[in-house]
Amino acid sequence: MIANIVKPGHKTRGVLNYLYGPGRANEHTDPHLVASFDGFAPDPGRDPDATLAQLAVVLDLRVKQASHKAPENHVWHCSIRSAPEDRHLSDDEWATIARRVLDATGIAPAGDPDACRWVAVRHADDHIHIVATKVRGDLRPPRNWNDFLRADKELEAIEKEYGLRQVQRGDRTAAKRPTRAEQEKARRTGNARTSREHLRTVVRTALSAAMDTEEFFRLVEGAGALIDVQYFPSGDVRGYKVALDGDTNAHGQPVWFSGSTLAPDLSYPKIAERLTAPEAAPKEGTGFPTWRRLTAAIDQIPDHLRNDDAEAGQAHVTVLAEALDVLPLAVPASLRPELLQAATAFERASRSRIRAQHQQTQATRRAVKAILREPAPKDGVLLAVLLDALLLAAVAAQHWHRTRGHTQQAKAASQATVHLRTAYQAAATAPLAVIRQRGTQLPEWLHHQQANAVRRALPEQAEQILTEAGWPALAATLAQAGTAGHNPAALLTQAAHERELDTVTSVSEVLTWRLHRLADLNQRTTSRGPAPRQAPYRPVHTDQHRRMR
């Protein structure tokens, strides 16, 4: 059961006209009152002598009495809808539900003779509308602060008592959805996304790429957005708001969005906290190649999420989202569409009610930002290994959220893994073919040796692995690991324990990339020669990250 409380209005008669009218698509049937503040309100749906004008006058009586003291937007409008699979509730049941919600929200507390005037209208089997005027009998406004949360909590109890579907409720950390007006404006202007959604992507990407708040503001502006930074008299930053260049209101003014209206974690205090958090551990040496450093850091996220420290775990989920945000700017163009969709899907999984300890992840955050300041690796193996690590980390984040009851976040992480898997498969095709070719050239005795290692380490999956098309690539990787001084069977056991293998399409392929990560088999290839010279970061402008001048 879901409540929807709309923005207060000032036309009581206008709301009643809609409720008793045919609807936008003639969907309203038999509109009538199921309850009212005193049980005697005129009902134009059932009483032929009653009119909408009479009902509006009854509801607006105290508004007229309060005169200029009445709030300008005095109409409180709440719809309550049951789930499609729920049984049809009777008028008496809907009347009881309406009274309980009005009591919970403070609009009409039970037993209060001065409570606001209200009516509950039913024009469909599955929902009712409650309309109230926000002036009490003592001509004061009601105390209905936080009314949506109060209504939602009451509906949660009603679901249990009435045997209705128990809706999974959010934790108030989701980004605000585009309004209907914003969606219609996007359709009229031929844009696939609303300005709010576009700006959210721009701001999140700039935050993930920036080294400090000043660079964050520059990157937002450079990505095609207008930005207005507000300051305290002391000169400290108070906040910011952004708008798309060319997106104006009826008066020709830019349509501004503050950071907090884009997403809860994009307010200026939240951004500053993330960019200025002190580091919990000393910095590692700078000679370690950037992309390998990021791969190693992402590879450790599943281990961190297995710990009991929830605040540190949330920080690792957040920095994983940052890696997904910036990766489309640094990879080949063919991979960007799927990675953009993965980042968009994972956005909802990036935050929860658990406060993140960002100092725990500053080393990983530096590695994320560093890949935008160095050339992407020409070695396709390293990119495939990184995408495999990201996929495993997203799966771990999904499990982390699920075990804590974060239903929406777990679903978002699951959606992101679909796109990550597609991107990984596209990136892995060419390098895997090279490794597979190398495997076909191994001596017969070395093939037997690696097959025996598989049988010892993974007896249940061994025969499947040895018949897969990816077996030559895994054999070559095991041989390379052995040459580097590793125990192939021990590495296989460790790789298999990272995640179950029963649901993967090709066990040998998955193990190939896991061994590359665990044994760091790309080290020799990616570390030849001096470290590349760092270049200043310049955003790559795709459809979602384009410069608008």
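Author: Contact means heavy atoms within 4.5 Å. Helices (H or I, at least four residues) and strands (E, at least two) are DSSP runs, numbered from the N terminus. This is a predicted model, in which local features need pLDDT of at least 70, side-chain atom pairs count only at pLDDT 80 or more, and totals for chains, interfaces and linings use all residues. Residues are numbered from 1 along each chain as its sequence is written, and side-chain values use heavy atoms, with hydrogens and water left out.

Reader: Which strands does helix α1 lie across?

Author: Helix α1 (residues 12-20) lies across β2, β3, β4 (117-122) and β5 (127-133). The helix runs at about 165° to β5; axes are lines fitted to C-alpha atoms, for helices over the stretch in contact, and angles run from 0 to 180 degrees between N-to-C directions.

Reader: What makes β1 and β3 a pair?

Author: Two strands pair if DSSP finds at least two bridges between them. β1 and β3 (residues 75-81) have four bridges, in the antiparallel sense, so they pair. I5 stands opposite C78 in β3.

Reader: In what order do the five strands of the open sheet stand?

Author: The order is β1-β3-β5-β4-β2, with antiparallel pairing. β1 (2-5) and β2 (32-36) are the edge strands, each pairing on one side only.

Reader: Why is one side of β6 and of β8 left without a neighbour in the sheet?

Author: The open sheet of three strands has the order β6-β7-β8. β6 (225-231) and β8 (257-258) stand at its edges, each with a single partner strand, so one side of each has no neighbour in the sheet. Helix α7 (residues 195-209) packs on this sheet and touches β6, β7 and β8.
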